[in-house]
Amino acid sequence: MKKSFVFFALFSLLLTACGTNSDVPNTIKVSGSHKEIIKPDLYKCHLFIKQTAVEKEVAIKNLEQTRAELYQIVKKANFPDSSIKANSISVRKQQKWENGVPETIGFMATQELFVKIPNAPSALIQAMHKISDLEIERIEPSFSNPENIRNMLLAKATQNALTKASTIANSFGAKIGNPINISEESFHEPAMRTFALTKNDFVSGANPLGDDFSKNIEMEASVLVIVELKNPSFLSSINVSTTPKSQGEQHPTGERHIDQEKLNKMKQMGYGLDL
């Protein structure tokens, strides 16, 4: 399979080099990829506070007290207040129905919050769990500098492509020059695992995140590179001619005829012909 790929690259190169436009340099086009296992260093905790009371103002006040306790715990863990993002407080009536008529019996105040913490310290998560009326809905692993990771993977994928191009060029006595074009083919970032926690996860002294949270995440990037070829002495030994289709019929480029003897020689060298 690798030999077939090498021949395909050589064949593509041959047609590129033999074009009628002499300003187009000899080029080779290769793809490169890089895969790496990376450990998440940031975790986003989704929290939910719910307070109920007969009076609306009391429900809101109790919620604010619960939220203040959360801020205090986060601050005690040496994380800034900016680590917490909070949605607006929502208040709705609690009603019961008597003879088809709704009767207000109280109010429910709720608020959704998000806490971003590095390395998901178990002690902090345990402390948040102990706050009354605060529910840890789920935790999502993430990265503090995702763009840096992306750039690193793309750079290594590009280097992989250039190394591959150099290997192919060296196989027929040429060298690679400057890249003509580099384009990103794909960037594979798998969906992050989400952990929904229950009361059973908060056993005293245990890590509520479990062993799965320590697992790393596989990420991959790939690029397509077109690079200039220098000293392609192999190509100069191949006879290529252009002839019109028929006399009197104008053909701007003609048809390319590649020396079959040379192709047979390449096959004897071990390059496959299954294009």
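Three strands line up as an open antiparallel sheet in the order S1-S8-S7, with strands being DSSP E runs of at least two residues, helices H or I runs of at least four, both numbered from the N terminus, and pairing taken to need at least two DSSP bridges between two strands. Strands S1 (27-38) and S7 (175-188) sit at the edges with a single partner strand each, so one side of each has no neighbour in the sheet. Direction ignored, neighbouring strands here are turned by 25 degrees against each other on average.

The model is a predicted one, so local features need pLDDT of at least 70 and side-chain atom pairs count only at pLDDT 80 or more, while totals for chains, interfaces and linings use all residues. Residues are numbered from 1 along each chain as its sequence is written, and side-chain values use heavy atoms, with hydrogens and water left out.

S1 and S8 (residues 217-230) pair in the antiparallel sense over 12 bridges; Val30 has Val225 in S8 as its bridge partner. Helix H4 (residues 146-170) lies across S1, S7 and S8, at about 140 degrees to S1 (axes are lines fitted to C-alpha atoms, for helices over the stretch in contact, with angles from 0 to 180 degrees between N-to-C directions).

Over in strand S4 (residues 90-98) there is Arg92, which counts as exposed because its relative accessibility is 54% (exposed is over 50%, buried under 20%, partly exposed in between; 1.4 Å probe, protein chains only). Leaving aside neighbours within four places in sequence, Arg92 is in contact (heavy atoms within 4.5 Å) with Gly106, Phe107 and Met108.
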